[in-house]
Structures are given as structure tokens and as C-alpha cells.
Amino acid sequence: MGHVDPDWNERLVEKAQRALTALSVGDDAEALVEVAPTAAEPQARADETKALMLLLFGECSAMVATLGDGGSAPVKVQVFDEDGEEVSIDQADPPVRTAVRTLLAEVHGNTEAAQEQVEIALANAAPDEVDSLVLQALRWTIRLSVECLDRDLPVAAWISEAVSD
């Protein structure tokens, strides 16, 4: 990423945390406001969104691995439409299908492929599709963390704080 700002990642985590808190009380619009990039320059904005997505997918993938007990228990990835209703992956919008591929790449330890998928998704997505990608990542983070917490499995502190308020 080439960021010299040591607080950058911390700020990213704080933004994600505020968005998770908003989404966990059903405020999608507020969640998107929280994760909106702060940089003025388009490339920096894109980098910020990409970093946020990779942060969330990295956490999701860790939780999937934890839930899957090292791959011995299957974990189902659910896809949700705008209203939070579950849809089949074939009915999902292209950016969401990309999100699923990203998550699966991360789960299988292929971080490079995950980064490529996020880059492709963001490069080809319309602004509202980017929003749906971000919401999808946030929703998965919440669902997976709740599942982990229910089973007394470890969850990153910043996520458990956001979803258990």
C-alpha cells in the first residue's frame, strides 16, 4: 500500500468498527457513511476502499477458518440482497459474486488472488455496486462474528465490540 502513516490502519479499523455498529442496528446508510473514503484524490479513495474490503475479508476468512475448525466443518457463505434477504449466489449481482470469490480465495490462503478480485470488482463496479460490495463484506463480518461468539470462538476485539453493544 505504501502508507507511511502508522495511524492509517488504526483509522481504517475504527471506520470499519463504526460501520459494523451502524449495520448491526440496521442502519445501512449510516454504515456506508462511516466507510466512505476520506481522501480527495480518486486513486487514494480507491485504495482506501480496497484496504477496507481486504481488512474485512481477512477477518471473515479468519472466522471462517475458526468456524470450519481447520476445514473439518463446512461453512456456508450466504449472499444477501439489498433488503438483507438471502439469495442464491447465481442470483447475486456480479460485484457480490466477486465478493464471494474474494472471500473464498482468502479462506484458501490465497491473499494475492483475493487482492486481485477486490481490484477487479472495484475497477468494474458502479458506485452503488461498490456500496453493495462493502455492505456484503460488513454483513458477512457481522454474521460470522455472531456465529463465532455464540460458539465461544475467538473474534477480533474491534469486531466483537462493534457487534455486541
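Which residue with a positive phi follows α1? The residue is Gly-26, and its phi is near 85°. Keep in mind that this is a predicted model.

Now look at α1 itself. The helix has 17 residues. From first C-alpha to last, α1 reaches 24 Å, close to the 24 Å expected at 1.5 Å a residue. Its buried residues include Trp-8, Leu-12, Val-13, Leu-20 and Leu-23. Lys-15 and Gln-17 are also among the buried residues of α1. What covers the buried residues of this helix includes α2, α3, α6 and α7.

Next comes the core. The largest nonpolar core has 46 residues. Phe-57, Leu-138, Trp-140 and Trp-158 are the residues with the most contacts inside this core. Seven helices can be named as suppliers of at least two core residues each: α1 (8-24), α2 (28-35), α3 (42-67), α4 (94-107), α5 (111-124), α6 (127-150) and α7 (157-163). The largest share, 11 residues, comes from α3. In soluble globular proteins, nonpolar side chains tend to be buried together.

Stay with α3. This helix has 26 residues. Its reach from first C-alpha to last is 37 Å, close to the 38 Å expected at 1.5 Å a residue. Asp-69 follows α3, with a positive phi near 50°.

Within α3, find Met-53. Is Met-53 buried or exposed? Met-53 counts as buried because its relative accessible area is 1%, under the 20% cut-off. Leaving aside neighbours within four places in sequence, Met-53 is in contact with Val-118, Leu-133, Val-134 and Ala-137. Take the pair Met-53 and Val-118. They are 65 residues apart in sequence. In space, their C-alpha atoms are 7.3 Å apart.

Move to α4 and pick out Thr-102. Thr-102 is buried too, because its relative accessible area is 1%, under the 20% cut-off. Not counting residues up to four places away in sequence, Thr-102 touches Phe-57, Ala-114, Gln-117 and Val-118. Phe-57 is one of the core residues with the most contacts. Val-118 is also a contact of Met-53.

These residues meet again around an empty space. Rolling a probe the size of a water molecule over the atoms shows where empty space is left. How many cavities of 30 Å³ or more does a search of the whole structure find? The search finds 1. The largest cavity holds about 30 Å³ of space. Its lining is made up of Met-53, Phe-57, Thr-98, Ala-99, Thr-102, Val-118, Ala-121, Leu-122 and Leu-133. At least two lining residues come from each of α3, α4 and α5. By type, the lining residues divide into 7 nonpolar, 2 polar and no charged.

Although Asp-152 is not a glycine, its phi is positive, about 55°. Where Met-53 is buried, Asp-152 is exposed.

How values were computed: Residues numbered from 1 in each chain as written. Predicted model: local features only at pLDDT ≥ 70, side-chain atom pairs only at ≥ 80, totals over all residues. Heavy atoms only, no water. Core = buried A, V, L, I, M, F, W, Y, C linked by side-chain atoms within 4.5 Å. Buried < 20%, exposed > 50% of the residue type's maximum accessible area, 1.4 Å probe, protein only. Helix = DSSP H or I, 4+ residues; strand = E, 2+ residues; numbered from the N terminus. Expected span 1.5 Å × (residues − 1). 1 Å grid on protein atoms, 1.4 Å probe; cavity = no way out; pocket = protein on both sides within 12 Å on 5 of 7 lines; lining within 4 Å. Points joined across faces, edges and corners; volume = space filled by probe spheres on them. Nonpolar A, V, L, I, M, F, W, Y, C, P; charged D, E, K, R; others polar. Contact = heavy atoms within 4.5 Å.
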